[in-house]
Each structure stands twice: as structure tokens, then as C-alpha cells.
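Welcome! Open your viewer, get the selection tool ready, and we will walk through this model stop by stop.

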Amino acid sequence: MSDWFKDAIIYEAHVRAFFDSNNDGIGDFPGLTSKLDYLQALGINALWLLPFYPSPLRDDGYDIADYEGVHPSYGTIQDFERFMDEAHRRGIRVITELVINHTSDQHPWFQAARRAPAGSPEREFYVWSETKQKYQGVRIIFTDSETSNWSWDDAAGAYYWHRFFHHQPDLNFDNPNVLDAVLKTMNVWVDRGVDGLRLDAVPYLIEREGTICENLEETHAILRKIRRAMDERYNDRMLIAEANQWPADVRPYFGDGDECHMAFHFPLMPRIFMALRQEDRHPITEILRQTPEIPENSQWGLFLRNHDELTLEMVTDEERDYMYQAYAADPRMRINVGIRRRLAPLVENSRRQIELLHSLLFSFPGTPVIYYGDEIGMGDNIYLGDRNGVRTPMQWTSDRNAGFSRTDPAQLYAPPIMDPVYGYQAINVEAQERSPFSLLNWMKRLIALRKQLKVFGRGTLEFVPSANRKILTYVRAFEGETVLCVANLSRTVQPVELDLSRFKGMTPVEMLGLTEFPRIGEVPYFLTLPGYNFYWFRLQAQPSSITGQRLSDAGTSSDDIRASLPAFFMGVAWDTLLDGNVRTLIERESLVPFLQRQRWFGGKARPIRAAHFLDWGPVRRGSDPLFATIVEVDYQDGGRERYFLPLGAAKGAHVDATMASAPQLALARLTGARKGVVIDATVDERYGAALLESFDKLESIPLKRGVLRPRRTDPYEQLRGDGPLAMRRIGAEQSNSSLAFGDRLIVKLFRRIEDGPNPDVEIGEHLTAHTAFRRSPQVAAWLEYESPGAIIDLLGPEPLLDLAAMLTPQAIREVSGAYIDSAQMLGRRTAELHIALASDTRTQAFAPEPFARDDYARLLADAIGQARRASELLGGRAATLPQDVASSSRSAVEQAEQALHARHMAHAAKPRISSVSIRGRRSGRDGQGRRS
Ligand code: NOJ
Ligand code: CA
């Protein structure tokens, strides 16, 4: 896609600072490559690299000595090429730097120029003058280190022009040979696969007497030539302008869609910080109001922080004073015309402000850029020179050197941040990956959310006025998708009344939590927002039900389903059904509606983004093949689930019968050389037979990526018996599907699969193999999916249970009727099960451990909470129930709640129960651990 950059989320990183693979203290390409999985998991889809070319590194690489090479500290061209392949393999595009305004004074072009005679082609590569009087009045950019834009060169006997450091002579774009040389460089990198080029310092290419030598028309003419040359070669690459200018002066860098694809929005950035500190939306609304329209094929680049200082060139003098005072009280925090600090320290490490700022960055019109380390809230070091304080090593772990390098700490290119607040012991990727509520995990969620909707990268922007200026409200809209964003810029909770009448009848659904808000009506919409908080609402005409389960509305009748089933062309052989593009077609056209028709599919109420086959393979080949597949479902809320789906491609009478009685089981029709259907194969007897065979023979079923392995317990042979067993599908579909083999075995297909052992299998197998308890079904065998691990089960028959005779007080018998028997039985069996589970002290995961007073208290507190919720629910439904039912059930629940309370108090005073638990704390497997 040629405008991929509109939906991109760019991550800016420095090869030197990311990861050191050879332990010489300097980050390198192999190191960066090894961290691509991290970036992929973060969710970014474009990576912008700071200059990595051979350079004396006096401007951290923006002083280039060889345009086509790789700095030896960072690796080789081969390392770069491998990095490119690996990034692309993960769907990450790569943006590099094309620094053409200037070179290093060590570049061979400059060395040749200063020695060549005046007027010679070599000399003409740079801008020379006999006096310093030319181009008077052009501003100096690096005010802290340079006093003039001219420097004297002894060898040349002349002054050379430089807009930045004196060791960075400006190239002479009045010389056509310079443009040719630059284009050659550009081609080298795009031919190496680079997807985007950031044009550094692009306003300064051409100088003219009597002007400020910035943004000149001749400079734009050069840019058009660069764009044309690039488009002639490729149609999917892009150019970003680094033009630190006012909006009206940046606008021409897009040209008529024939200069740069993207330009950074420099004036917006400081104003976001200003609005935050002033607790007033005005600076933001004002600059966005003054932001001109840009051509259809272009995009703004948005950022909060980058590798440079927070520049204050594009603010007024008063605003600059304010910013310095608010954000850089210590003069060490200032450099040139700006503030050299990272994001987290700028907001005093306020998590809420960091989140709020990102919400703006991710919802304003444009493509967001995240500066490396800001996703974990890294700090800075204002005692390092130049802007190096914001370029310290990435903090991976709390180990030596932040896990960035294993070298001697003294050899690092820069010390990692070590203070107690931002130091790597406190702030690092490893720790944050483990903590579900870390900034890193929050960022992942936000990135996933933003990627769901094109409206953020492509939509229009409109502010919604309100009297409270601390609240910023705006609507983004694109192709029928409407998102309402509300942000509270103040530290305190704020109310706001919004005129949303033009959205009357729509329902705002908060995007992070999928919470439905009251429908928009006639009266002003009233909201309150906690300090530094934000809401993103999707405005939906008919919200999908969030609280209840919803069966797919369409295609439930047999005829509807039949009519809606897409047909795909296949040849004579069907066992390659899933190996080619038919699989992709099924994923695109019929998998989601199919899933929504299934009783066992748990995600009916959640909007689905996509579903695809994660793994597949034939279970039986032949003319009517059977397959085992694993389907992965991606939800719009960023969640993901996997399901086991047995499929068959078949034709003939039994398929017709199924289509008549259970059409919801069909996934697609096949046509072409032969006609048939793709259908859930649990209806196919041969599927069960194939499974049984693989258990009998202990034969694995290889899939494309992983493998299904049969596992058996000792009693398998005895439970299974000899000879064939007839298969039938059992009763109503629930969350799992069951098949019976004769009266001996039941196969329970766990549809939804998760990593790690399945608790049903684990506990069942444990009871079968390690205890004498026979009142639960014995486990004969199970199938294990190996690769991203999951388990599918085959359970054995359940012995008949005898009802025990019980003595129950007459009074209770009268009110409870026959239920008491079942209740008693359930209690007894549960107790027996628990005793059996706790009887094995050898298996570590099942070994008993004390069930403490606190555990019991927690159990009671849970029960009380449940009673309370039930009584609230009853309260809410009172109007819909007959009056006597409502009041009696309510009072019953209240009594229960009181009784539990009394029990709770009594227990706190004097514990009466002594118990043990298994699969609790000690087994330490959160989520899988079951208490008994
Ligand atoms: C812009 C870059 O972002 C900055 O880091 C560099 O110092 C100047 N260009 C000069 O090369
Ligand atoms: Ca290294």
C-alpha cells in the first residue's frame, strides 16, 4: 500500500542506544535485530533510525563522513541487510536519515573541496566566501556552541557556510552535481529496502542574499526533484521533512502532493505541553485551528519527544519564558532554544500526565512517533553534554548496564540512567512486561486500540466547544467511523457539558473498557473526568450488546445460511484445501460469520477484527479429507483467543443430511472440479475414528506449525477395550463439544484453547493416576498440541454413582423438597473429591498446603460480595417481577448476606475450620491454579 505511513505508528530509536550484541559498550545492528520481537510486541509498525553511517560522531552521526556505509561500531552492510529482512518479516517498515544539508568536515567531498582550486568542480560542492559578510542576518541555530554561520578553512583560504556545527559544512545545492550525488545516495538506500527517508534540516538547502536563507522556493524545487526521482523508482516509499517552522511555512514542504509525504508538526508539540501546564486547551485549539489543510496524499508527523531538545523556536517570546520556567527551572535543562529533557521527567513522572499526553499524540490528526524509552517512562541525565542526556542506553533489565550490554560499565558509550526514580533498577522493560498495569502494557493497549480504527490516522478533526476550558473535546471522523475524544487537562476532576445534538440517538462506547455510556439525547451531554484523564468514545448507532451474549442475527435459518455460504473453486484433490489461497479466502469471507454461529464460540458479544488459521494439517487424506485446525480470533478491543476447529471437506448423503439438520456447522461451499462443503468435522464419524486410531497407535498428527500428540494414562487399554467403537455426537452444544464412543469413552473437545495444561485434564489425570477416587470420570487419554501449546482431551466413562441415604431435619426437608437430596449428594461428592485431591503428597503441584485463616476470610468475603450483587440485581429487576416473588427473593438474599456476615465476624474472632488447599500459592501458576 502506498500510503501506509498514514496508518503507521513510528518508533524512533538509535542503533547505538538500543542493544549491544558484542559487548563493546555500543549498540549495534545485530543487537537491534535481536530486539525486533520486542518492538513487534509493542505494536509499532515503523522504525525510524537515527544516522548510523561512518562519522566522527561530533553531532551523534548527523555529521556524516560516508553516505553509503555503516559505522563500524554498529556493524556491517550485511548486518544492516539482515536487520532489514527481519524487520520486514515482522511487518515493521524502516525509516532512515537522509542528511543532505551538510556533511561532516571529514567527508571526502569536503576534504577534496578545501584542497581543490577555487571554482573547480570539487570546490563547488560546498558554499564558500572570501568574507563573512555574505548572508548577514541569517539566524544561528546552535546558539550555545556557534557564533557565526561562517568558519575559516586554512587549506582553502576561504570561509565555508554551515547552519549547524562548524564541523558540518553545508552542501551547495546550486551545483547540480550535488543533487546528482544526493540522489545516488538516496537510491542506494531505497534499493536496500528502506521504506522512508527523513530529510534532515531540509529548509536550509539553498542560500540567497537578502533572505533568511530558509524555505526558499529554490529549496522546494530541489525537493520536487528528489520526490520525482523517488517516485520514478518506487511507489511505496516516503519522505519526511524535518522543517522546524511555523505551520504556514511547513505547508509548502508538502507541495501539491509532490514534495514530502510527511512533515513533522513542530509548533504543535510545545503547545501540548503548554496547555497541560496552563490547564487550558487554548494553545492546542489555536495551533490546530491555524494548521493548514494538506494534500490528500500527505500526513502530519506528530511527536511529544525526540532525540533533540524540546525546541521552543516556534513559540512567542512570552511563551518561551513560560515554558522555561515551567519545564526547565534548572539552567542545565536548557540547550540552544529548547529543553533537553525526556517525557517522563518533563511531567515529574506523573503517570496520569504521561497517559494523557499519549492519548493526545495518538488521537490528533497525523502519524504518532514514540521516542525509544518513553514507552517505559525512561528518565534523562542533564549532566551529559549536548543532547546526550536523552540518548542514554535503553533500559531492558535491572541487571548490570540496564541489560543493554555486558561490557565493563566504564566502556559504555554513555552511562545508563541510575537515579533512584528513573534508574534501570526501577524502570526497565523486563519488570514492566511482568506487571499488567505497567506503563509499557498500557502503551501496548493504546497502540492496539489506535491500530483498530483508520479514523485516527485519516479522519477529519472538529472541536466541540464547551464552557470549561480545562476540557478539550474533539471529534474524529472517517468513512462512517466517528470517535469522540474528551481530555481533562487539569489536575482536578472536572465537569463538562457538551452540545452533541448532531449525534442524537447515538451511543458513546468508551474504547479502552468497552463501556456503553447513556445514549445522546436532546439535552447537553454531561460528563465528569478525573484529573488528567481522557475518554475515547466510539459513537455507535446500534451498540453491540456488551453485557449480554448475542447470537449472530443474520443467517440463522437454514436457508439464510445456505445462501450466505461463499463458494470457492477447488480442483479434484481437496486435501490441499487449506494450503493455498482458499484458506485466505475462507478467512476473509466466511470464518467470522461461521464462528458467530457456533454455540461454543465465546466471543459473540465482542466486535471481531479478524480471524485466521493459526495452524492446520490433515487428519485423514483422500477424496473427502479431514483436518485439524487452530483458529485465532483477534478482537477489536485488542484481545485474542484460540479455538480448536476440526474440519472436513465432504460431499454425499451424510453431508446433505447435516446441511438440512444443522446448517450452522457448514463453513463454506466447494465448487469447481467437484462440489461439496467444508464442515465442522465433529459430525463426521471418521473424525472420531481417526482420533481413536491415533490414541491406539500413539501416532502424532503433524500440523503446519505444531503437532498434535496423543497421550495415554495407564488404564487406557482397559478403559478402551477391544474392537471398534461406534461414534455419536452428544446432546446440545455447549462451550465444548462431546462425542461418545459406544458406551465406553467420551471425547470432550475443548474448543477454546489456552497455553499450558488444561485444568480438566490435569486434575482428571491426577485423580486417575495418583488417587483411588473413582467418582469422577477417569482420564484415558488426551491430545496435546505442541508449539504454542494447548491441550485437547479425551475422557473416559463415568461410573454410576449410588445415592447415599441421608438424615435431614424434617423442617428443612419440607421446605426444600427433593432438592435436598441432590444438594447433599453434591456436597458429599465434592468433599470426597477434595479429600482425594489432597491425598497425594508426592506430586508437587497437588501437594496440600495450609488453608489459612485469611484464605477462609477471603472466601467468605467473596460470598458476601456475591450475595450483595445478587440483591442489587434483584433490586434492579424488581419492577419486572411479580411483587411477592420480588420481595421474598430479596429478603432471602438479604438474610443470606447477614448470615454470611455473622459467620465472617465469628470467624475473625475464633476460626472454627481447619483445612488445607492444593494448587494454590505454592504451585505459583497464576490463572491455572485452582483451589480446592
Ligand atoms: C537535526 C537533527 O535532528 C539534530 O540532531 C542535528 O543536530 C541537526 N539536524 C544538525 O545535523
Ligand atoms: Ca556493540
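This is a predicted model: local features need pLDDT of at least 70, side-chain atom pairs count only at pLDDT 80 or more; totals for chains, interfaces and linings use all residues.

Residues are numbered from 1 along each chain as its sequence is written, chains are lettered from A and ligands numbered from 1 in the order in which they are written, and side-chain values use heavy atoms, with hydrogens and water left out.

**Stop 1: the calcium ion**

Select ligand 2, a calcium ion, and show what surrounds it: Asp 20 (OD), Asn 22 (OD1), Asp 24 (OD), Ile 26 (O) and Asp 28 (OD) coordinate the ion at 2.2 to 2.4 Å. Donors here are N, O and S atoms within 2.8 Å of the metal (3.2 Å for Na, K and Ca); water is not among the atoms, so sites may look incomplete. Along the sequence, these donor residues follow the spacing D-x1-N-x1-D-x1-I-x1-D. Asp 20 is buried, at 1% relative accessible area (buried means under 20%, with a 1.4 Å probe and protein chains only).

**Stop 2: the largest nonpolar core**

Now select Tyr 11 and Phe 83, which touch the most other members of the largest nonpolar core, a set of 158 residues. Such a core joins buried Ala, Val, Leu, Ile, Met, Phe, Trp, Tyr and Cys residues through side-chain atoms within 4.5 Å. Helix H6 (residues 176–191) gives this core its largest share, nine residues. Around Phe 83, leaving aside neighbours within four places in sequence, look for contacts with Phe 29, Leu 32, Thr 33, Leu 36, Leu 47, Leu 49 and Val 94 (contact means heavy atoms within 4.5 Å).

**Stop 3: helix H6**

Buried residues of H6 include Val 178, Leu 183 and Trp 189. Among the elements covering them are helix H4 (77–89) and strand E3 (93–98). At the start of H6, a side-chain oxygen of Asn 175 comes within 2.9 Å of the backbone nitrogen of Asn 177. After H6 comes Gly 193, with a positive phi near 100°.

**Stop 4: a three-stranded sheet**

Finally, show the open, antiparallel sheet with strand order E4-E6-E5. Strands pair if DSSP finds at least two bridges between them. E4 (128–129) and E5 (150–153) are the edge strands, each with a single partner, so one side of each has no neighbour in the sheet. Two bridges join E4 to E6 (residues 158–161), and Ser 129 stands opposite Tyr 159.

Technical notes:
Buried means under 20% relative accessible area, exposed over 50%, partly exposed in between (1.4 Å probe, protein chains only). Helices (H or I, at least four residues) and strands (E, at least two) are DSSP runs, numbered from the N terminus. A polar contact is a pair of N or O atoms within 3.5 Å; within protein, one must be able to donate a hydrogen and the other to accept it, and residues adjacent in sequence count only if both atoms are side-chain atoms.
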